[in-house]
Amino acid sequence: MKHYFINSRSALNYVFEKSKYKDLPKSILLPDYICEEVIDFFQKKFFKISFYKVKKNLEPDLINLKKKQTDNFTFILFIHFFGYPQNIKKFKNFSKKRNLILIEDNAHGYGGLYNGKELGNFCDFGISSPHKTIKGLYSGGVLYGRFKNVNLDKYHPNTLNKFKKLIKMKFPSILIIKKVLKPYINIQARSYKSLKIDDFSFDKLKKLNINKLKLIKKSYFQSLSKILEKNKINIIHKNYNAKLNPWFLIIKRSKKYEKKLQNLSKKNNFHLITWPAKFKKKRYKKINSIKKEFYFIDLSFTYDGYKAN
Ligand SMILES: Cc1ncc(COP(=O)(O)O)c(C=O)c1O
């Protein structure tokens, strides 16, 4: 089952406040390659957190993970970094043996399929953040899993919609819109507290043509990787393969070709992204094991998600 929220933290908030998991001890194992927002979320929910190592190929360091004392932990979360599926079977075996509840985080790769099934559906529950990768959405987080009585109508109103209508009417004045409404909407869109997806984005996601999205990504993956290889730029996954689910192109960062890459991005109109953003809070600074080692290129930034006519 798929349930739509304002973002994926809001989906997690639902799980930890309203579902069958709400009374379990709050403790979680997180990968040490992660963004500040997720750590902040679990800290605000008073979770005990321990980090397991992620290797430079973006897979978990299983030796490190297996050494971990997990008796006092309830949950473990893993990330399909940039939509590339992790070895789900290994994570499942590990969590089963250790009696951990497994959370599948596909925030970066909404709609990505693995063996014909949407990522996010393989574990106890999963999340995704379509608002990050589908163009033109105001909000959008997804919760995957079996949850009884998910009544999201109660789960906070469409405040965002009302504001957006006001913005469309350009009322009361451009200045107020700029100074008050837009910042307010941005803050709301980033909040995880009890907010469901807005109607506009929900409608757009319902109409999303995943197959078309996948084809666009495939063709862009193939053409772009050729250009990059020609320029001797090292891509992590060179050959297209449906199981890879390439939602982004991952490039190893190196000073050698930094300039070349910047020029190519201008010439071929692609955006270089680094992730995660620099941590603002000092206490998190040590956590990221892999610091800005990669560039990522979104393979569908020109597709706005609507069904082909
Ligand atoms: C891997 C991962 N999971 C979850 C999130 C949270 O996403 P959202 O902004 O939809 O709550 C993020 C980013 O903030 C992320 O990078």
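**Phe 294**

I looked up Phe 294 in the predicted model and found it buried, with 20 other C-beta atoms within 10 Å. Since 20 or more such atoms make a residue buried, Phe 294 gets that label because its count is 20. I placed Phe 294 in strand E11. Leaving aside neighbours within four places in sequence, I listed its contacts as Ile 250, Ile 251, Lys 252 and Arg 253. I also took the C-alpha to C-alpha distance from Phe 294 to Trp 275, which is 7.8 Å for two residues 19 apart in sequence.

**Loop between H10 and E11**

From Trp 275 I went on to the peptide bond that joins it to Pro 276, which is cis, with omega about -5°. Pro 276 lies in the loop between helix H10 (258-268) and strand E11 (294-298). I found Asn 269 in the loop between H10 and E11 as well. I noted a positive phi of about 55° for Asn 269, although it is not a glycine. Is Asn 269 buried or exposed? I found it exposed, because its C-beta has 9 others within 10 Å and the label applies at 12 or fewer.

**Phe 82**

I looked at another residue that is not a glycine and has a positive phi: Phe 82, at about 50°. Phe 82 sits in the loop between strand E4 (75-79) and helix H4 (88-97). I counted 26 other C-beta atoms within 10 Å of Phe 82, so it is buried.

**Helix H9**

I checked the length of H9, residues 210-230. The helix has 21 residues and spans 30 Å from first to last C-alpha, close to the 30 Å expected at 1.5 Å a residue. Which residues of H9 are buried? I listed Leu 213, Lys 217, Tyr 220, Phe 221, Ser 225 and Leu 228. These lie on the same side of H9, because they cover an arc of only 130° around the axis. I kept the general rule beside this: an α-helix has 3.6 residues a turn, so residues three or four places apart point the same way. On the other side of H9 I found Asn 211, Ser 219, Ser 223, Lys 226 and Lys 230 exposed. I asked what covers the buried residues of H9, and strand E10 (248-252) is included. After H9 comes Lys 232, for which I read a positive phi near 60°.

I found H1 mostly covered, with eight of its eleven residues buried. They are Ser 8, Arg 9, Ser 10, Ala 11, Leu 12, Asn 13, Tyr 14 and Val 15. I then looked up what these buried residues pack against: strand E1 (2-5), H2, strand E8 (125-128) and strand E9 (141-144).

Which residues surround the ligand? I read off Asn 7, Ser 8, Arg 9, Cys 35, Glu 37, Val 38, Ile 79, Asp 105, Ala 107, Ser 129 and Gly 141. I sorted this shell into four nonpolar, four polar and three charged residues. Helix H1 (8-18) and helix H2 (36-44) each supply at least two residues of the shell.

**Lys 48**

I placed Lys 48 in strand E3 (residues 48-52). Lys 48 counts as partly exposed because it has 14 C-beta neighbours inside 10 Å. Not counting residues up to four places away in sequence, I found that Lys 48 touches Lys 26 and Ser 27. I also noted 9.5 Å between the C-alpha atoms of Lys 48 and Asn 72, which are 24 residues apart along the chain.

**Whole chain**

I recorded ten helices and eleven strands for the chain. Of its 309 residues, 35% are buried. I looked at contacts with a separation of 6 or more, and 65% of them join residues 24 or more positions apart.

How far does the confidence reach? I read an average pLDDT of 85 for the chain, with 83% of the residues at 70 or above. Over residues 305-309, pLDDT stays under 50. The model still has ten contacts beyond four places in sequence for residues 305-309.

How values were computed. Residues numbered from 1 in each chain as written. Predicted model: local features only at pLDDT ≥ 70, side-chain atom pairs only at ≥ 80, totals over all residues. Helix = DSSP H or I, 4+ residues; strand = E, 2+ residues; numbered from the N terminus. Expected span 1.5 Å × (residues − 1). Arc of directions from axis to C-beta. Contact = placed C-beta atoms within 7 Å. Near = placed C-beta within 6 Å. Nonpolar A, V, L, I, M, F, W, Y, C, P; charged D, E, K, R; others polar. pLDDT = per-residue confidence, 0-100.
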